[in-house]
Amino acid sequence: SNRFSGCPQASFRYRDLTASITTHFRFPRHGGRHTRLVIDWADRRFQLVLRLNSVGSRGIPGGGLQRFEIDPAALAGNFEAWSNDLELCGQILSPASLWQLGQLAEMSRNGFVYWRIRRGKFLLSVGGHFRKKQQLNELVAKMLDLYSQAQLSQAQGLDFVDDQLPSVID
């Protein structure tokens, strides 16, 4: 149970990291309850803030972040994004990541989607309090898929070997 709100929370291992999933209560004007995933992010300097516009935007995030333009055709819904590294942000917000983000937006029960990467933490909130185990499992799986996709998009240094005939090794 979350000591601040009395809402449920759980911690679990994901790969070699510890993730936590919690339910938080926000004031009704901000969408009511939401379910939040928090897990470590390797790059402590990178920052990203992404939110669905229907959530009563709180203005432009501070901290020297610049607006990243998301192609409206790439993502259903009106999302806004800011980052301190627009090139890396573009890699992280790949078509696959945007598709997964759209899936999470469809699961949201009150139009609340908020994604933040800051100070080495990946935080993703989706509107709703998911009480049924199957629904919560599906939500967490989709959240972790987005996390994995974002991690994959920043993988560098992968070299693919040219197609060559196989060599016989004795």
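This is a predicted model: local features need pLDDT of at least 70, side-chain atom pairs count only at pLDDT 80 or more; totals for chains, interfaces and linings use all residues.

A residue is called buried when its relative accessible area is under 20%, exposed when that area is over 50%, and partly exposed in between. By this cut-off Arg51 is buried, because its relative accessibility is 8%. Glu80 also counts as buried, with a relative accessible area of 13%.

These two residues form a salt bridge, with an N to O distance of 3.6 Å between the side chains of Glu80 and Arg51. Glu80 belongs to strand 6, residues 79–83, while Arg51 belongs to strand 4, residues 48–52, so their pairing ties together parts that are 29 residues apart in sequence.

The structure holds 5 salt bridges. Another one of them joins the side chains of Arg67 and Glu69, at 3.3 Å from N to O. Arg67 is partly exposed, as its relative accessible area is 40%, whereas Glu69 is exposed at 58%. Salt bridges link Arg51, Arg67, Glu69 and Glu80 in a network.

Arg45 has a relative accessibility of 71% and so counts as exposed. Asp43, at 22%, counts as partly exposed.

In general, side chains of opposite charge can pair when their charged atoms come close.

How values were computed
Residues are numbered from 1 along each chain as its sequence is written. Side-chain values use heavy atoms; hydrogens and water are left out. A salt bridge is a side-chain nitrogen of Lys or Arg within 4 Å of a carboxyl oxygen of Asp or Glu. Buried means under 20% relative accessible area, exposed over 50%, partly exposed in between (1.4 Å probe, protein chains only). Helices (H or I, at least four residues) and strands (E, at least two) are DSSP runs, numbered from the N terminus.
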